[in-house]
Amino acid sequence: MKRLVFAFLILSSVFSYSQSIIGKWKSIDEKTGKDESIIEIYLEDGKYYGKIIKLLNPDKKGAICEKCIGKYKNNLIKGLVIVKGLTKNGDEWSGGKVLDPKNGKEYKCYITFKDKNTLKLRGYIGFSVFGRTTYWYRVNNS
């Protein structure tokens, strides 16, 4: 009986990462290492989206997306939908795009869990080997 309980505990911890990306996540500026923003990932019409709901640097509170094109040009970064149209495929959310407000460019992307409180977001052009990875950290209250 003890072995059965132990096996159940091991299996439940292994499968605990199979969870939803829905929620609030903190991004970190890769150059400065400082907290950058809070992104809320949500499900709409069967696809996943992520919107910047808070800028954490007080100097960036009214920042606009100067380098964005089209309908996003000169919009406030707070409120900007930066992750668009992902679908769940096994342990990966893919098939959508991510917008980088710093350079105004959109990239193909996918998201996976690094661990239960860390998302790995990979943005790329063409093939995923030609891209950049960033990590977002779960926010419990914000």
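Visitor: How do you know that C65 and C68 form a disulfide?

Guide: Look at the sulfur atoms of C65 and C68, which are 1.7 Å apart. The cut-off for a disulfide is a pair of cysteine sulfur atoms within 2.5 Å. The C65 and C68 pair meets that cut-off, so the name disulfide applies. This is a predicted model, where local features need pLDDT of at least 70 and side-chain atom pairs count only at pLDDT 80 or more, while totals for chains, interfaces and linings use all residues. Residues are numbered from 1 along each chain as its sequence is written, and side-chain values use heavy atoms, with hydrogens and water left out.

Visitor: How many disulfides does the structure hold?

Guide: It holds 1 disulfide.

Visitor: What makes the disulfide of C65 and C68 right-handed or left-handed?

Guide: The torsion about the S-S bond decides. For C65 and C68 it is about 60°, so this disulfide is right-handed.

Visitor: Which elements does the chain have?

Guide: There are 1 helix and 8 strands. From the N terminus on, the order is α-β-β-β-β-β-β-β-β. Helices (H or I, at least four residues) and strands (E, at least two) are DSSP runs, numbered from the N terminus.

Visitor: In what order do the strands of the closed barrel run?

Guide: The barrel has 8 strands and runs β1-β2-β3-β4-β5-β6-β7-β8, with antiparallel pairing. The twist averages 35° from one strand to the next. That angle rests on axes, which are lines fitted to C-alpha atoms (for helices over the stretch in contact), with angles from 0 to 180 degrees between N-to-C directions.

Visitor: How do you know that β1 and β8 pair?

Guide: Count the bridges. β1, residues 23-28, and β8 pair in the antiparallel sense over 3 bridges. Two strands pair if DSSP finds at least two bridges between them, so β1 and β8 qualify. Here W25 stands opposite R138 in β8.

Visitor: How many bridges do β2 and β3 have?

Guide: β2 (residues 35-44) and β3 (residues 47-55) have 8 bridges and are antiparallel. I41 stands opposite G50 in β3. The two strands form a hairpin with 2 residues between them, and D45 in the turn has a positive phi of about 55°. On to the next strand: 3 bridges join β3 to β4, residues 81-89. G50 stands opposite V83 in β4.

Visitor: What makes D35 and K26 a salt bridge?

Guide: Their closest N and O atoms are 3.5 Å apart. A salt bridge is a side-chain nitrogen of Lys or Arg within 4 Å of a carboxyl oxygen of Asp or Glu, so D35 and K26 pass. D35 has a relative accessible area of 38%, so it is partly exposed. K26, at 26%, is therefore partly exposed as well. In total the count comes to 6 salt bridges.

Visitor: How far apart are N and O in the salt bridge of K102 and D29?

Guide: The distance is 3.1 Å. K102 lies in the loop between β5 (92-100) and β6, and D29 in the loop between β1 and β2, so the pair ties together parts 73 residues apart in sequence. K102, at 48%, is partly exposed, whereas D29, at 15%, is buried.

Visitor: Which distant parts of the chain do D100 and R132 link?

Guide: The side chains of D100 and R132 meet in a salt bridge, 3.5 Å from N to O. D100 is in strand β5 and R132 in strand β8, 32 residues apart. D100 is buried at 12%, while R132 is partly exposed at 46%. Salt bridges that share partners also join D29, E36 and K102 into one network.

Note on methods. Buried < 20%, exposed > 50% of the residue type's maximum accessible area, 1.4 Å probe, protein only.
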